[in-house]
Amino acid sequence: MSYQDVALHTFTTKPWSITECIENFAKREIGGISIWRETVEDCDLKKVREHYTAAGLTPVSYVRGGFFTAIEEATRQEHLATNRKWLQDAAELGMPSVVLVCGATVGQSPLTNRNQIRDGIGAIVGEAAELGIELLIEPLHPCYCGNRSAIPTLKAANDLCEEIAAPNLKVAVDVYHVWWDHELESELKRCADNGWLGSYHICDYKAEPADMLLDRGVMGEGCCNLSEIDQWVVQDNGFQGLREIEIFSAEWWQKDQHEFLDHILKSYDEIYK
């Protein structure tokens with residue numbers, strides 16, 4: 001069965017090398033690939049690009065940029081320099097977008113963190129545009145507000161897109177982080193109506209996860225209203241990109257990754273086919 005409407009994040013099959021990811025994704029006729037920095041660390045990015053292109057995989061996103069916040073101005077400037085390096089890497093890889101996990105610093109208020117994120121994005125968004133790259137703000141579940149992201153809702157991400165007003169600034173909507181939000185349907189419409197709906201990530205949220213970061217569910221084993229959200233994203237708001245499967249699972253990473261990927265695709269069939 002073909003999965004041309006699907007992209008896989010390389011972190012989903014974390015134990016595999018980038019070579020194994022490309023070859024095994026292509027073997028299952030998966031349409032696209034989003035590449036994590038960790039997967040290509042110390043790799044020849046030009047060769048990686050040649051490999052996934054030859055395998056017929058569509059490039060979707062480079063993951064992750066961001067982490068703009070810090071108490072010290074000098075540290076914030078270092079973060080910007082690092083982001084500029086990541087933009088160059090994304091361009092060399094041929095990735096059309098960079099997902100932003102925006103950051104949060106302990107000891108600062110949520111509003112201070114938010115404003116530093118705004119300023120950080122504003123400092124690099126023009127450079128990203130020159131490279132032909134979109135920046136995708138990914139709102140994260142509120143449990144990560146302490147040290148990962150001060151952007152906890154789709155509304156907050158939409159507000160940043162509106163304030164910064166750059167044509168290459170959009171949003172990455174990940175059901176794991178936003179499914180719980182009572183305003184999700186209306187904010188998805190706002191996002192799409194303004195041209196900000198850049199990417200769409202799927203997995204599931206377990207009712208009692210063993211770990212908030214590394215125990216994501218395969219689609220159908222959690223409490224997300226996945227079919228309804230898919231209706232809002234695809235049918236109601238016309239999203240035409242690939243559904244990106246992004247699952248962090250410390251449990252599954254200890255097992256055979258072929259078995260894991262086959263389980264993921266079977267679960268995908270049951271909900272989205």
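Where is the place of Arg 64? I found Arg 64 in strand S3, residues 58-66; strands here are DSSP runs of E, at least two residues, and helices are runs of H or I, at least four, numbered from the N terminus. I'm working on a predicted model, where local features need pLDDT of at least 70 and side-chain atom pairs count only at pLDDT 80 or more, while totals for chains, interfaces and linings use all residues. Residues are numbered from 1 along each chain as its sequence is written, and side-chain values use heavy atoms, with hydrogens and water left out.

Glu 29 has a positive phi, near 60°, and lies in the loop between H1 (18-27) and S2 (30-36). Phe 67 also isn't a glycine, yet has a positive phi of about 55°. I noted that most residues other than glycine have a negative phi, and most peptide bonds are trans.

**Salt bridges.** I searched the whole structure and got 21, counting a side-chain nitrogen of Lys or Arg within 4 Å of a carboxyl oxygen of Asp or Glu. Asp 5 pairs with Lys 273 at 3.8 Å, N to O. Asp 5 is in S1 (3-9) and Lys 273 in the segment after H10 (257-272), so the pair ties together parts 268 residues apart in sequence.

Next I looked at Lys 85 and Asp 89, bridged at 2.8 Å and 4 residues apart in H3, about one turn. Lys 85 is partly exposed at 48% relative accessible area, whereas Asp 89 is buried at 11% (buried is under 20%, exposed over 50%, partly exposed in between; 1.4 Å probe, protein chains only).
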